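Here is a short report on one protein chain. Look over the sequence and structure first, then read on.

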Amino acid sequence: MGTVLEGAGAQVDIIQVGRGRADPSPERYDAVVVAGSLHGGRYQRALHRWVRRHAAALNEQPTAMISVCLGILQKDPKVWVDLDAKINLFLKETGWQSSVVKIVAGALLYTHYGWLKRWIMHRITRKAGVETDPTLDYIYTDWDDLRLFAEGFLRRPAVRAATMASSNGAGSKRTGSVQGSPVSRLAASQAARAAASSRS
Ligand SMILES: Cc1cc2nc3c(=O)[nH]c(=O)nc-3n(C[C@H](O)[C@H](O)[C@H](O)COP(=O)(O)O)c2cc1C
């Protein structure tokens, strides 16, 4: 998402909370995008903790929540209702009122998983009606859709007002993209590589 925001013209800091002692303060930014992925029905614990700790500050500024998952690939309204419930639970538990929420299909990176995780993920996806080859990696993210979302977010009046206010004041701030895990970035760079290689 950070890469996508940069592509849309924002100055972005991409921070993985829980890595080292990363505990960025939302006040340093004009806007904050929080990206977390579902693992076993929960978002990353470090992300949960960070959002809960900074909920009051986040509620004072434009924010977006990106929920990365694979459930969205299932054409089953019950699964979508469940995904919504998981987002609502995260927001309720953390006390954060995100300005916007976006659900994004993530990746199945079989070659990065150990044998047990590979086996479990293959079983789950097959049960969900998605046929995959466990020797390959799959990126389901619709990057064009995500790019449109990022551009739309940066055009939101609240984001533009915050950017304008900080550039008129004591130095311009940046957009923070806070994520719960590194793989979404990996997926972004893989997609960028794929795009680059398809051009050559
Ligand atoms: C161990 C594991 C558990 C997962 N659990 C869920 C889940 O409960 N619901 C869902 O919709 N997606 C689930 N997913 C899909 C992930 O959200 C998706 O693969 C995402 O791209 C993972 O990104 P990350 O590796 O950057 O955290 C799971 C994936 C893995 C590997």
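Which residue in β7 is the bridge partner of V34? The partner is V178.

## Model and confidence

This is a predicted model. The protein chain has an average pLDDT of 85, and 87% of the residues score at least 70.

Over residues 183-200, pLDDT stays under 50. For these residues the model has 19 contacts beyond four places in sequence.

β7 covers residues 174-179. Five of its six residues are buried, so the strand is largely enclosed by the rest of the structure.

Two strands pair with β7. β1 runs parallel to it, with five bridges. I15 stands opposite V178 here. β2 also runs parallel to β7, joined by six bridges. V178 is again the contact point, as the bridge partner of V34.

β3 and β4 (residues 100-105) pair in the parallel sense, over six bridges. Within this pairing, A64 has V100 in β4 as its bridge partner. Helix α4 (residues 77-94) belongs with both strands: β3, α4 and β4 make a right-handed β-α-β unit.

## The nonpolar core

The largest nonpolar core has 36 residues. Those with the most contacts inside it are M1, L5, V32, V33, V34, I66 and A150.

α1 (2-7), β1 (12-16), β2 (29-37), α2 (45-53), β3 (63-69), β5 (107-109) and α6 (143-155) each supply at least two residues. β2 gives the most, with six residues.

Key: Residues are numbered from 1 along each chain as its sequence is written. This is a predicted model: local features need pLDDT of at least 70, side-chain atom pairs count only at pLDDT 80 or more; totals for chains, interfaces and linings use all residues. A nonpolar core is a set of buried Ala, Val, Leu, Ile, Met, Phe, Trp, Tyr and Cys residues joined through C-beta atoms within 7 Å. A residue is buried if 20 or more other C-beta atoms lie within 10 Å of its own, exposed if 12 or fewer, and partly exposed in between; C-beta atoms are placed from the backbone. Helices (H or I, at least four residues) and strands (E, at least two) are DSSP runs, numbered from the N terminus. Two strands pair if DSSP finds at least two bridges between them. A crossover is right-handed if, with the strands pointing away from the viewer, the path from the first strand over the helix to the second runs clockwise. pLDDT is the predictor's confidence in each residue, from 0 to 100. Two residues are in contact if their C-beta atoms, placed from the backbone, lie within 7 Å.
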